[in-house]
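This report describes selected helix contacts and a ligand site. Please consult the sequence and the structure shown below while reading.

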Amino acid sequence: MKQENTILENKNFRPLDLKKKMRPGESVIQSLLFISGVLSVFITVAIVYELGKEALLFFNNPDVTLAKFFGTTRWQPGIGLFGIWPLVTSTLITSAIAIFVSLPLGLAASLFLSEYASPKARSALKPILEILAGIPTVVYGYFALLFMTPLLQKIFGEGVQVYNMASAGIVMGIMILPLISSMSEDALSAVPRVLREGAYAMGATKFETSLQVVLPAALSGIGAALIIGISRAVGETMIVAIAAGAGPNFTFDPFKAAETMTGHIARISGGDLSYNTIDYTSLFAVALMLFLVTLVLNLISQTIINRFRQRYE
Amino acid sequence: MQNTQIPEYAIETKNLFVFYGSFAAVSEVNLKIEKQKVTAIIGPSGCGKSTLLRAFNRMNDFVPSSYVTGEVLMRGQNIYGSNIDPVEVRRNIGMVFQKPNPFPKSIYENIAWGARINGFKGNMDELVEQSLRGAALWEEVKDLLKKNAYELSGGQQQRLCIARTIAIQPDIILMDEPASALDPISTLRIEELMQELKKNYTIIIVTHNMQQAARVSDYTAMMMLEKDGSRSGTVIEFSETKKIFTNPKDKRTEDYVTGRFG
Ligand SMILES: Nc1ncnc2c1ncn2[C@@H]1O[C@H](COP(=O)(O)OP(=O)(O)OP(=O)(O)O)[C@@H](O)[C@H]1O
Ligand SMILES: [Mg+2]
């Protein structure tokens, strides 16, 4: 037969050459990736350094002691009150409320989207959630002040102050809801189909399968969503600045006004502030504290997740 | 309508078609599967073996476009009847998959979970031990019960999947190429296990391995694409395994089992 298959015939079209070769493209890409990696690490280090340097100026002030910083509960550096706790507790309370709202709702939404919704319903619902994520936080802030607070006052009565942590926290929860639900949905959808089939084949209902097989298997991804959600809540500024209150207040009552760390930094640095005053350097101490709180919360959630996650290959 | 006489078959299909959308992947299957025997389903790739097997425990319900016509009778009841709960069907018809798919839980929990959701109220430790013994895995894992199931080898994982299936005590166990991802020794153990299990269970196994079908099964269903070019699979011959391998009626079966076909 004349018609030969050339791909089978010409298998020696390229000569054998095993010498080392220059691959310029490879090395360019490699160095670019390396530089980006180093740069992002460098920027982080530089920020922490700058923060630490200015905060050190604050702690070097003879009036400031760590005992006062961590041991007292009133914060007004201008008149010599250096207790950081009122800012920390309000940050923790608003964030806890936000997570308390967004985690169950976000998980329920993501379970519905990934396990129950038809493909049609899913493609209709996801964009709506994403719109929620696109709303500027200043809008959320006024939503808290002008809608949520009156609502809380109607429900819980006169005890609810005009500025209060509950309202800010709830609205912050609504703000991070799309983040939690969409990241959790990704994690749930990534659970292999064969695991679900294995559960169904055992006579499990849809609810048992979703809650007891799929959800635990997706826990590490959901944990990542939770960590990012916490970080967003702790670092969120606009909503708390508008709705939570202007002035440090050491209280555990969510219906009272209390300024968070971020809200405090925003308000003080918004006024005129002269360089090297105690008010100025104190802001860096607050920022450093904010950084530490975020770090500690991340570490705690990471440990909890590692403890409960279920590994599948 | 309740059948008064006790039906002698584990599963009986009547004019069963399985569709994906408008495509009939399996057409016109009439089978009578004997109780407490091993029935093998063989045939070339893509002829609808898995599709047919998954029709027996309503697994195809999870493929949105899939539907079934005809009947699949289990103890006289059509499992596709309008008043049938598919969850109850699957509680009575267990399934072992091609790739081992234990739950990402401890070995113990893998077995206990299924029993618990099926309302098991007895001594769980005992059930776990008995199921693992039944799947010839107990000796290897009795000291590792708290370990994650994914730390086991593939063959052990597959036996764990068999163990969790027998823990819920179904009437029938479906197996879709249960040994195709395993080494020869693990395969042998699973085959031995099937001989053991058929004393109490009806087993239906899909396999690509002719020797395996000949070794383990009592009956064999030979599937093939229809000759009309519709890409639709059907059972072209069904009888005792001995007959299929030594004295097949259909020329295509003979070609296939002697290796002269795809
Ligand atoms: N989820 C699905 N949606 C649409 N078509 C499908 C689906 N699953 C299988 N099919 C089609 O149905 C036919 C039978 O597939 P099936 O998986 O049952 O074959 P099989 O005999 O098990 O093959 P193999 O031996 O390769 O596992 C094939 O044509 C396949 O493309
Ligand atoms: Mg198959």
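## Basis of the report

The structure is a predicted model. The distances and angles given here should be read as values computed from that model.

## Helix 4 and helix 5 of chain A

Helix 4 of chain A spans residues 85–116, and helix 5 of chain A covers residues 119–134. These two helices pack at an angle of about 155°, and their axes are 10 Å apart. Because the angle is over 145 degrees, helix 4 of chain A counts as roughly antiparallel to helix 5 of chain A. Their crossing is left-handed.

On the side of helix 4 of chain A, the contact is formed by A:Phe112, A:Leu113 and A:Ser114; helix 5 of chain A contributes A:Arg122, A:Leu125, A:Lys126 and A:Leu129. By class, the residues of this contact comprise four nonpolar, one polar and two charged.

## Helix 4 and helix 9 of chain A

Helix 4 of chain A also packs against helix 9 of chain A, which consists of residues 206–217. Here the angle is about 115° and the axes lie 11 Å apart, which means that helix 4 of chain A is roughly perpendicular to helix 9 of chain A. The crossing of this pair is right-handed.

From helix 4 of chain A, the residues in contact are A:Leu107, A:Leu111, A:Glu115 and A:Tyr116. They meet A:Lys206, A:Phe207, A:Ser210, A:Leu211, A:Val214 and A:Leu215 of helix 9 of chain A. Seven nonpolar, one polar and two charged residues make up the contact between helix 4 of chain A and helix 9 of chain A.

## Helix 6 and helix 7 of chain B

In chain B, helix 6 (residues 154–167) packs with helix 7 (residues 184–197) at an angle of about 15°, with 9 Å between their axes. Helix 6 and helix 7 of chain B are therefore roughly parallel to each other, and they cross in a right-handed manner.

Helix 6 of chain B supplies B:Gly155, B:Gln158, B:Arg159, B:Ile162 and B:Ile166 to the contact, while helix 7 of chain B supplies B:Ser186, B:Arg189, B:Ile190, B:Leu193 and B:Leu197. By class, the contact of helix 6 with helix 7 of chain B has five nonpolar, three polar and two charged residues.

## Surroundings of ligand 1

Ligand 1 is surrounded by 14 residues, of which the closest are B:Ser45, B:Lys49, B:Ser50, B:Thr51 and B:His208.

Polar side-chain atoms approach oxygen atoms of ligand 1 from two of these residues: the distance is 2.5 Å for B:Ser45 and 2.7 Å for B:Lys49. For B:Gly48, a polar backbone atom lies 3.0 Å from an oxygen atom of ligand 1.

Definitions and conventions. Residues are numbered from 1 along each chain as its sequence is written. Chains are lettered from A and ligands numbered from 1 in the order in which they are written. This is a predicted model: local features need pLDDT of at least 70, side-chain atom pairs count only at pLDDT 80 or more; totals for chains, interfaces and linings use all residues. Side-chain values use heavy atoms; hydrogens and water are left out. Axes are lines fitted to C-alpha atoms, for helices over the stretch in contact, and angles run from 0 to 180 degrees between N-to-C directions. Helices (H or I, at least four residues) and strands (E, at least two) are DSSP runs, numbered from the N terminus. Angles under 35 degrees count as roughly parallel, over 145 as roughly antiparallel, 65 to 115 as roughly perpendicular and the rest as oblique. A crossing is left-handed if the near helix is turned anticlockwise from the far one by less than a right angle, and right-handed if clockwise. Contact means heavy atoms within 4.5 Å. Ala, Val, Leu, Ile, Met, Phe, Trp, Tyr, Cys and Pro count as nonpolar, Asp, Glu, Lys and Arg as charged, and the others, Gly among them, as polar. A residue is near a molecule or strand if one of its heavy atoms lies within 4 Å of it. A polar contact is a pair of N or O atoms within 3.5 Å; within protein, one must be able to donate a hydrogen and the other to accept it, and residues adjacent in sequence count only if both atoms are side-chain atoms.
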